[in-house]
Each structure stands twice: as C-alpha cells, then as structure tokens.
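The following note collects numbered remarks for a colleague reviewing this model. Please read them alongside the coordinates.

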Amino acid sequence: MSSTGMPKAYDPSQVEERCYQRWMEDDCFRARVDPQRKPFCIVIPPPNVTGELHMGHALNNTLQDILVRWRRMQGYSVLWVPGTDHAGIATQHVVENRLAEEGLSKEQLGREAFLKRIWSWKEHHEQLIVRQLKRLGASCDWSRLRFTLDERCSRAVREVFVKLYERGLIYRGDYIINWCPECGTALSDLEVEHEEVNGFLWYVRYPLVDGDGEVVVATTRPETILGDTAVAVHPADARYATLVGRKVRLPIIGREIPVVADEAVDPDFGTGAVKVTPAHDPTDFEIALRHRLPRVVAMDTSARMTEAAGPYQGMDRQECRSKILEDLDQQGYLVRREPHHHAVGHCYRCHSVVEPMVSKQWFVKIKPLARAAIEAVENGEIRFVPERFARIYLNWMENLRDWCISRQLWWGHRIPVWYCQECGETIAARQDPESCRCGSLSLKQDPDVLDTWFSSALWPFSTLGWPDSTPELGHFYPNSVLVTAYDIIFFWVARMIMMGLEFMGSRPFDVVLIHGLVRDPLGRKMSKSLGIGIDPLEVVEKYGADALRYALVTGTTPGNDTRFHWERVEASRNFVNKVWNAARFCLMQLENLESTRPSELHLTDRWVLSRLQRVIRDTTEQMEKYQLGEAARILYDFTWDEFCDWYLELVKPRLYGRADADSAAAARWTLATVLRTLLKLLHPYIPFVTEEIWGRMPGCQGHLTLSPWPTPSDELLDEEAEAAMNLVMEVVRAFRHLRSELGVPRQAMVRGMVRADDADRARVIEGMKAYVTALTGIDPLEVGMSSPERSTRAAAAVLAGAEVYLPVPELVDLDREIQRAEKALARAREDLQRSQNKLANQDFVRKASPEVVARERQKAEELQEKVSGLERRLRLLRSVR
C-alpha cells in the first residue's frame, strides 16, 4: 500500500475491521513456546457471560493490550489468554428472569433442560463478547479461548477440590452463612455489599422470670426476637453483674432464656444488653457456641417466618417486623424507638437484603492457605502497583473466615461429592464413581455447585493446561502481570495467589496492576439501569476504537478512578486525526526517499531527532513502571506540540524548493525517521491508525504490530541543538503572545527586536531569523545584544537568555484596546460574581441536581481564568501607553 490516494480525513470505520482481519489472517497474535525468548503472559480477567462489555471492561482490556503489544514488539514470547466466566449466580439469575417472562420456572423445565437454556445463552453472549474485544483491538491468541466451565477447567476444578478435601482443607458443616432469599443461595462474605442505611433502634423490655425487674435490649431487627435463645452482657459491665445466670422471659413467645456474659458484647451499644439469636446473626452464632446455647430457626430460606415464630408463621420478614412491633407496643414491651444509621448487607447481584442463616455448606479452610499468600506479598515475590494496595491486601488476609464455596444453584461446577444412600459414606472423586466401598450402587451427587470464584481462582494455571504438565505451563507460568480493578482484589486476586502457591508451588503472577473504576462525569458508578451507562461500542462506532482507547488511558494513574467525558474522547479523536494528517503530509514528501542518513543535518533536524531519543527513553521507562497514562501524555505532547506544531512547520520551507537539495534530502530522511519511530511508540495505544499508516510508509515491511520496539540512540542525542531550539521556540512564543495582547492584526507584518544575553545565543537566533519571521509575522527582526532606546514604546517579555521587544505599531490604537479590555473585564467580573453568589447559596446547592451544580462550578472556574487573563492584558496595554 502506498501513500498515493491516502484520504484527507481518517475514517476508522473504513480501517479498523479490515486491519484486524489482516492481523488475524496473518496469525499475528498466536503465541508460541520459544525457550530462546523471555516469556510474557497475561490471562484476561474473564468477563461474565451475563451480557455485553461495559466501560470498565474497555479500560481493563485496553491496559492489557497496551502491555501485550509493547512486549510483543520488544521481542518477548507473548501469550494473552482470552476467556469468559460462567458467573454462576449472575447468569442463572438473568436466565431465570427470561424464563419468568415466558411464564416458566427452572423447576418446570428441570435441571437438564434449564442448563441447556443457559448454555445457549452462554454461546450467544460469548460470541458477542469476543466480537466486542476484537473491535476494541484486543490482540489475544484467540486459538486459546477458554471458558471457566469448559472441559479442561472442569478437570482442574475437580482435581483441586479433591486434593483440598484429601488434605483436610475442605469440609462440610453447619455454620452461619450469608443467605440471599431472592437468589436462593449462600453467599461468601465478599459477595455481600454493606450499604449504609437510615433505620431505627427499637428498645424492648425482657422481664426477669422471677418477677424481680427486667432487662431492656436494643435491636435493629425486631423480627428476629422470635429466634432469641439468650440475652448477653459484657462481663465487666457492673450494671448487669447481678443478672448474669438469671433468666428472662422472651416477649410474645414466653420462652425462658438465660442472661450470659460474653466479651463480644459492646457495652456502649444501646443499653449494653443485647439479644442473642444464634441462627440469624454471625456474632450470636459464636456466642452460642461458647455458651452451648440452642439455635432456634425463626426464618426460612425464603425469608418467611417458620413454625418457631409462633403466631407470625408464614409472614415474610417485613410483614413480621411491622406486626411484632405493633404487638410489642400493645403488650407494653416496646420502650422506645430512636433513629439509627447502620450498615445492612445486600446481595452483590440482586441487591436484596441478605439474611445470616445456619446451614450445612461446604467450606475451604483459609488460614492454612493464607499464610503463604501473605508471605509472597510481604517478601516482594508478588508486587502490587500501586504499592498501597499491598497493605490493603495484607490487612484483609490477616482477618479471614473460612470460605463458603457451595451455592444452591444449577449453573456451575457441580460439587464432585457423592453420598452413599446405604452406608452414608461421603465420596469426593475426580471421576464419577460407580459404586461405594460398601458395594452399593445407590449414590447421590451433592446437588449444589461451587462458588464461581473457585474456578476463577485456578485461572492462571488451568488455562495453561494444568493438571497436565504442558509446554505452555512450563513456559508461561507464572504469569507476568495481572491487570484488574481494585474491587475484586479479595474476590479473585487473593484466591488466585492462594491456589497458585498451593498447587503450583509458586506465585501465579509477578505483578498485580490495579486500575480504578470508570465513572460518569459526576463521579457516579456507571449503570445502564440508572441511565448513566455507556456502551463502549457506541463510542467505537462514533469515534473509532483508537479514540476510545486513548481517552480511557490518558489522565489515568494506577489504582485511581477515572471519569468518562465525551470531550476527552473527542480530544483523542482529534489526536488520532492529527497523527493521520501529519503522516499524510510526510508521505507526500517521501516519494523519493533516500534510505541512507545524510552527512549533515539542519539544527531543526538535530533537535527533533534528539528529542525523539528522549521520548523513546521516557516512554519506555514509564511503561516499565506501569505508568501507562504518563507514557501516553509524553507521546501526545511530543507528537502534537514538538513534531506537528513545530518541526513540520519549520521544515516546510526546506521541502518547497527554497533550500538546496541536500537540505531537502535531510528533511525527508528526518521526517521518515521520526514518523516511523512515532508509529511504533504510539502503536500499543492506537493500533489501528498506526498500522494503516505503516502500510503506506516507504520501506516498511510486514506488520507494524510485529516490528521491533525503538531503542534510544546516544549518537542522536544533541543537547546543544535542544538548547538552541528551546531558545528559538521561546522567542516565537513571546512574539505571538505580545501580538495577541496588543491586538496586532494577524496578517500585519511588524517590527520586533531580540536582545540576547551573549553572542552564542545571538548567533542562534540570527541563524533562525527566517523561521522566526515565518512563524510570527515579525519583519524586520533585529537581533543583537543591546536593549532598544528608552524612547521606544515597546512591550517586552523576559526569557531565559534573551529579551523580546515588540514596539507598539502605529496601526494599534492603544486607547481603544484598553477600553475594550476594560469593558470585557467588567463583564467577566459581573458574570463571575453572579456565579459565585449562586454557588454560595445553600438552597441552590442543596436543591439543584448534581449535574447543574457541577456545571456551575465549572463555569465559575472558567470565568476566573478569563478575569485573570484580561487583568494581565490590561497591565500590559497600560504599561506601553
């Protein structure tokens, strides 16, 4: 492909899918086990097959793709494993809702038919997710696409479960767990989201059985009174010292329960006396174990009251709460009610209130696994970027409860345990057993499935062929980097570390790169249901994938949330267009390019080539530190400012016949060298437009994505040229600023002077006089080492090593310019005062929507900048009048 016919405007819709197809046809992303090259492996955080990708996925996969493309260009043996997650609770919930719309339930279909429905859903949405990732430019090895429920992952899951069971690290037992009545399943602690709510504390009177007084307890959940089996006080609380060991009568029900002393009680909460409901509260469950209290189940798995709730049997929990409060009040047990702000657990999927319940579940003993996972981070074997997340991780790992891994679902890895119906034997097996050791053929498999995160915890090695010893496992494990958001460090990252150390004997990855969440412009978490979610492909269709990728990465720092702004996407689209237009200009000059380096280079050539070496070095250093946003900024500034706005403008006179042939040849060689290198540096960030331009470059063979990453050349570093050009650019900027502030018409050629501090600087400016004139409209330009005469009315700017003077031209009416500036300043001050008054009005801030308040604050900031600029201009105008 040549530069001939290169469109004036870049149209991503005409490039991106065609470009990706060429990469796929030529197998550019296929990983190969090559012992001669250093491996670099990333496993994708598998998106859930519940639906389409959101903006967080777009950021996460853009960061991964930048790293993968960069390392591939550096010559690493690169593998990026793609895949999707079966997402047990979430996917089953979505499909059940679809069934409900048809008037069906999973029970009506039966387990096998229901699972067929979900597999059909999975196939459709996995294909959709893969298409979305390709549209974003993800350079995965698609021949290795994995799914957390595929045959190989299922084999790994069974192997891990059975080994942990055999080692005594998996057990089944009665324990207090988090239960979602809506989803109908147990939840791990991490799957419960605690939301702050405004509720009440109800104070209830519990009469002493002997009739000598009462104990008042405070509760946020009066409906659970029906399951109380004790009242507890702190052993050091003197107020209740005489009550410990005595009995109180449970209101409404009349059951006699003891008063016990336990250190888990907070004497400052409520009255210092608390009700103990072992079957419906985790703290109370532990108290009951210590005091051998019975457990009374007052609520079932549907959050309806049981037979033990007496007259409230069959009511749902909210109905029961209302009714029991009414009865407590009528019977004289309710003392008072007071507002109370507290955290309430909600299901992370359906957001209904979670109920603590005692249930027979499967658990993993975490503490034996956690020790090695803590040490791996403490000793630096695994590094978090940024480091602060290592501290968060370690704090959490020190306070773990056993992991509840069973879920009352149909979709997922079915627990590989069978129960003999004759002798009661429990069998955990890698293969489905045919009989029990007792000879019985009557075996029944556990109906529950494993927590989704159980299979996800094995992802770094199960995707590489484990439990088999494959070449990929030997070459690519441990993975190089895990890129993930901070909100799943405990769900996923910690568990991968524990499982990797336990089953592979080494860390699962070297670095955990943490990124933040993508929020809306006001900082809210994006949500399609709330109307503030944005589909990444909507952005891609409008602006192109390169623009979205660059917008997501620029301005981001590891671990911090970022806000999505359409203006940033538009700015990134403009940057992509800038690269395209610069390349189009360059390619028009490169028809007769000579490949050998010229013997002599112009000052501007030496400058831009020297700056390019520093950009190569700085970009690579920032990427090595995983500061991808900072690397993007460095590339943006050099490309837009130094290369496009300066070098391309400075080089035009040498290309358009006003310089000798050698100078023109040097300019063409420099253009080609800089453009070729810039395309390589930019490619990981904006792969489509750079690959398209690369294909049109003379002498560029093969795919850009497989070309070598640039390395800086000491030979091309030229501090003298950089210093000289910095002075020239400062002079140009100063003249442009003074012209603007004085109101000099753009087309007018006016006189200017430069006083240099020494002869060397004077020679530099003299040698570049023609370029300064061309860029500023200053003609004649006087260069010397003396200041202008005192009688000269001139605006001045002091630079490092020089002073710039612009005598006030006759065509400038200073009085009129001052009057205009004064009027503009007065208007701006009035507008600013109105805006500030509005923001100072608490009624406005409280009643207006967050969007309106944010817009007003932005308006005030812009007006303040305008006022400051006008004040500076007035000072300058008055100084030369």
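1. Tryptophan 362 is buried, at a relative accessible area of 2%; buried means under 20% relative accessible area, exposed over 50% and partly exposed in between, with a 1.4 Å probe and protein chains only. Phenylalanine 161 is likewise buried, at 0%. The model is predicted: local features need pLDDT of at least 70, side-chain atom pairs count only at pLDDT 80 or more, and totals for chains, interfaces and linings use all residues. Residues are numbered from 1 along each chain as its sequence is written, and side-chain values use heavy atoms, with hydrogens and water left out.

2. The total is 33 aromatic pairs. Rings of Phe, Tyr and Trp (its six-membered ring) pair if their centres lie within 6.5 Å; planes under 30 degrees apart count as stacked, over 60 as edge-to-face and the rest as tilted. One of the pairs joins phenylalanine 147 and tryptophan 411; it is tilted, with 6.4 Å centre to centre and 35° between the planes. Phenylalanine 147 belongs to strand β4 (residues 146-147) and tryptophan 411 to the loop between β17 (406-407) and β18 (417-420), so this pair ties together parts that are 264 residues apart in sequence. Helices (H or I, at least four residues) and strands (E, at least two) are DSSP runs, numbered from the N terminus. Phenylalanine 147 and tryptophan 411 are both buried.

3. How are the rings of phenylalanine 161 and tryptophan 362 arranged? Their centres are 5.8 Å apart and their planes stand at 65°, so the pair is edge-to-face. Phenylalanine 161 sits in helix α6 (residues 151-166) and tryptophan 362 in strand β14 (residues 355-364), so parts that are 201 residues apart in sequence are tied together. One aromatic cluster is formed by Phe161, Tyr165, Trp362, Trp403 and Phe454.

4. In helix α15 (residues 536-543), the buried residues are Pro536, Leu537, Val539, Val540 and Tyr543. They lie on the same side of α15, because they cover an arc of only 155° around the axis; the arc is that of the directions from the helix axis to the C-beta atoms. An α-helix has 3.6 residues a turn, so residues three or four places apart point the same way. The exposed residues Glu541 and Lys542 are carried on the face of α15 turned away from its buried side.

5. Which helices do the buried residues of α15 pack against? They pack against α1 (16-25), α2 (55-73), α5 (111-136), α16 (545-553) and α17 (566-589), where contact means heavy atoms within 4.5 Å. At the start of α15, the backbone nitrogen of leucine 537 has a side-chain oxygen of aspartate 535 within 3.0 Å. Just after α15, glycine 544 adopts a positive phi of about 95°.

6. The count of salt bridges comes to 69; a salt bridge is a side-chain nitrogen of Lys or Arg within 4 Å of a carboxyl oxygen of Asp or Glu. Arginine 69 and aspartate 65 form such a bridge, at 2.7 Å from N to O. Both residues lie in helix α2, four residues apart, about one turn of the helix, and both are buried.

7. Arginine 30 also bridges to aspartate 27, at 2.7 Å from N to O. Here arginine 30 is partly exposed at 37% relative accessibility, and aspartate 27 is partly exposed at 32%. In the bridge between arginine 617 and aspartate 618, the closest N and O atoms are 3.0 Å apart; arginine 617 is partly exposed at 35%, as is aspartate 618 at 24%. Glu159, Lys163, Glu166 and Arg430 are linked in a network of salt bridges.

8. How many disulfides does a search of the whole structure find? The search finds zero, a disulfide being a pair of cysteine sulfur atoms within 2.5 Å. For cysteine 19, the nearest cysteine sulfur is that of cysteine 28, 9.0 Å away; cysteine 19 is buried at 1% relative accessibility. The sulfur of cysteine 350 is 3.4 Å from the closest cysteine sulfur, that of cysteine 180, which is too far for a bond.

9. Glutamate 600 is placed in the loop between α17 and α18 (603-624) and is exposed, at 64% relative accessibility. Its C-alpha atom is 8.2 Å from that of aspartate 662, the two residues being 62 residues apart along the chain.

Technical notes
A polar contact is a pair of N or O atoms within 3.5 Å; within protein, one must be able to donate a hydrogen and the other to accept it, and residues adjacent in sequence count only if both atoms are side-chain atoms.
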